[in-house]
Amino acid sequence: MRSYLRLALGGLLLDRQIFREQRDAPDGVRRGALLVMLVGLAVGLAGLIGGALAPAINPAPAEAARVIAATLNEAEWFQRQPAELREVYDEAAFAQVVELIVPSPQSGLLGVLTTPLLLLLGWLIYSVPAHLLARLMGGEARLGQTLAATAVASGAQLLNLTQAVPTMFVAALLDQNAVSQALLQSSAALILGLMGSYLAIRETHTITPWQAFWAVTLVPLALGLLLLCGACAILLLFAGLAGA
Amino acid sequence: MIDTFNGALLLNQRLFQTMREAPDVVRRGLLVVLLVGLLVGGVNGANIFLAILDPARAIGPQRAALEQQADSLTSAVAQPGLAELTQDSVFLTLTQFDITERVTALPTALPRPVGAFLSALAVLVNTPVAYLGWVLLITALAHAAARQLGGVGSLQQTVGLGALSAAPHALDALAFLPGLGPTLGLLAWGWGLLILITAVGVAHRLDSGKATIAAVLYPTVFGGLGFVALCGLAFISGAVGAAV
C-alpha cells in the first residue's frame, strides 16, 4: 500500500523519477491499473463520507425550497416580473437545485462503486489514443509502457479527497468567492492530471515537448468535440420528433 | 519554508536559481501554495463559522451599505428601463440576504455549530486547492508561451517556481477588512505577477521582456476571447429576445 501511495504522490508532485520507474517496471500495467482503482476508491470513500454527513448539517431540501420560494414571492420586485418567469422559479425547481447541491448518502454510495470504474475507463480511453498519437509522431514506446506511466497521473485525483468534508449550502450564499473557488477547485485536478499525462508521454516516448503536448491535448479536444456533436445530433433528433 | 516564502516576496534571484536546480522544485513550490491557502482558508473559514452562527450580524453591514447605495445607484442611471433593472438587481441581492437568514434558521439534524464548524473546515481544506487550480492554470499557459519564445525550462521548473507567485496572496486573508479588501487584492495580484515573471525568466533562462510576454500572453488572449464570446452571447440573446 505504501508503494502505491508513493506512486500517487509522485503523480501529484509531477515527480519525473516515478514516471520513469513505472515506465520500466515489468508489471507496470498491473500496478498502474491497481493505482487507478485505489485512487478511485479513496475519492469514492471521501464522497461517501461527505454524502453521509451533508444531509445532517443541512435543512431538508423541501423545507429549504419552501422558504426560498416564499421569500421570493414576498418580494415586491419579484411580483412585478412576468408570470412566465415567476412560474419557473417555484418550490419544485428550488428543491431540485438544493438536492443537486447537497450530496446524499445514496450518491455517496454510488460514488464508491462507480468512481474507480470511471477512472479506470477514463484512463484507458485517454491513454490508448494518446499512445497512438505519440507513436505517429515518432515515439517508440510500447502500449504497456504508456499505460503504466499515464496511470501515475491519476494521483492528481487525490485533490478530490476534500469532498469528505461537507458544507452547509448557505455557506455558499455567505461566501462571495464560493463560485469562483469551486470552479478553480474543479480545474485543479483536471490541469494537474493533464500535466502528469504530458510528463508520462514525454518520459515514455522521448518525443519533443510540443509533440507530447499535442499527443496529450488532442485526445480530450477530439473527445469533447465528439460529445458536442453527439449532443447536437440528439437535440436535433428530439426537435425533429417534437416538430413532427 | 519561511525562507522560501520571504525570498519569493523579495524576488530573491538566488532563491529562484537554487530552486530551479532542486529535484523537489514542485514540492517546494506547492508547499508555498498550501501555506498561503491554509492561512487564507483559515481566516475565511473562521468568518464563515461566525456568519453561520449569526447571519444577521454578518449580513447586516452589507445590507445597510446596499440600502444606502440603492437610491444613489438608481438615480445615477438616466434611462428608465435601465434604472428599473439596476433597482431590481439591488432588490435581488437584498432578497438573497433574506433567504440566507431564513434558511440558516431552519432546523438541521445536527446542531448548527457542528454544521458551521464543518463548513469552516471545508473552506480551510478547499482554499489551497482553489489556489492550486489558479497557479496550475497560469503556469501551464506561461510554460507554453515561454517555450515558444525559446525558453529551455522543464514543466516542473515552471510549475515549482511559478507556484511562488501565490505568496503575496497571503494578503487575501485581510480581505474581510472593510475598505481594504479590493486594494489588498490588487496589490497581491500585481506582486504575484512580478513573481511569476521572475519565475518564468529564471526557469526558462529568458530576459525580462520575453518573460513578461510569456507570463501575460495567453491569459490576455484567452481573456480577450472570453470577453468577445460573452459580448457575442449577449448580442445574440438580445437579438433573439427582440425577435420573439
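Biologist: In this predicted model, which residues is L159(A) in contact with, leaving aside its neighbours within four places in sequence?

Modeller: In the model, which is predicted, L159(A) is one of the residues that touch the most other members of the largest nonpolar core, a set of 68 residues. Once the neighbours within four places in sequence are left aside, its contacts include residues of chain B as well as residues of chain A. They are L12(A), A188(A), A189(A), L192(A), V129(B) and L132(B).

Biologist: Which element gives the largest share of the core of 68 residues?

Modeller: Along with L159(A), the residues of this core that touch the most other members are I201(A), L161(B) and L164(B). The largest share of the core amounts to nine residues, and these come from helix 11 of chain A. Apart from this core lies another one, of 35 residues, with A69(A), V98(A), A51(B) and L106(B) among them. The element asked for, with its nine residues, is helix 11 of chain A.

Biologist: Which helix gives the most to the lining of the largest cavity?

Modeller: The structure holds one cavity of 30 Å³ or more, and about 40 Å³ of space lies in the largest cavity. Its lining includes Y198(A), L199(A) and R202(A) from chain A, and H143(B), R147(B) and L155(B) from chain B. At least two lining residues each are supplied by helix 6 (112–148) and helix 7 (155–162) of chain B and by helix 11 (178–205) of chain A. With three residues, the one that gives the most is helix 11 of chain A.

Biologist: Are the rings of F213(A) and W214(A) stacked or edge-to-face?

Modeller: A pair of aromatic rings is described by the distance of the centres and the angle of the planes. For F213(A) and W214(A) the centres lie 4.9 Å apart and the planes stand at 70 degrees. Because planes over 60 degrees apart count as edge-to-face, the pair of F213(A) and W214(A) is edge-to-face.

Biologist: Is F222(B) buried, partly exposed or exposed?

Modeller: The relative accessible area of F222(B) is 47%. Buried would need a value under 20% and exposed one over 50%, so F222(B) is partly exposed.

Methods
Residues are numbered from 1 along each chain as its sequence is written. Chains are lettered from A and ligands numbered from 1 in the order in which they are written. This is a predicted model: local features need pLDDT of at least 70, side-chain atom pairs count only at pLDDT 80 or more; totals for chains, interfaces and linings use all residues. Side-chain values use heavy atoms; hydrogens and water are left out. On a 1 Å grid over the protein atoms alone, a cavity is a set of points where a 1.4 Å probe fits but cannot get out, and a pocket is an open set with protein on both sides within 12 Å along at least five of seven lines; lining residues have an atom within 4 Å of a point. Grid points are joined across faces, edges and corners, and a volume is the space filled by probe spheres set on the points. Helices (H or I, at least four residues) and strands (E, at least two) are DSSP runs, numbered from the N terminus. A nonpolar core is a set of buried Ala, Val, Leu, Ile, Met, Phe, Trp, Tyr and Cys residues joined through side-chain atoms within 4.5 Å. Buried means under 20% relative accessible area, exposed over 50%, partly exposed in between (1.4 Å probe, protein chains only). Contact means heavy atoms within 4.5 Å. Rings of Phe, Tyr and Trp (its six-membered ring) pair if their centres lie within 6.5 Å; planes under 30 degrees apart count as stacked, over 60 as edge-to-face and the rest as tilted.
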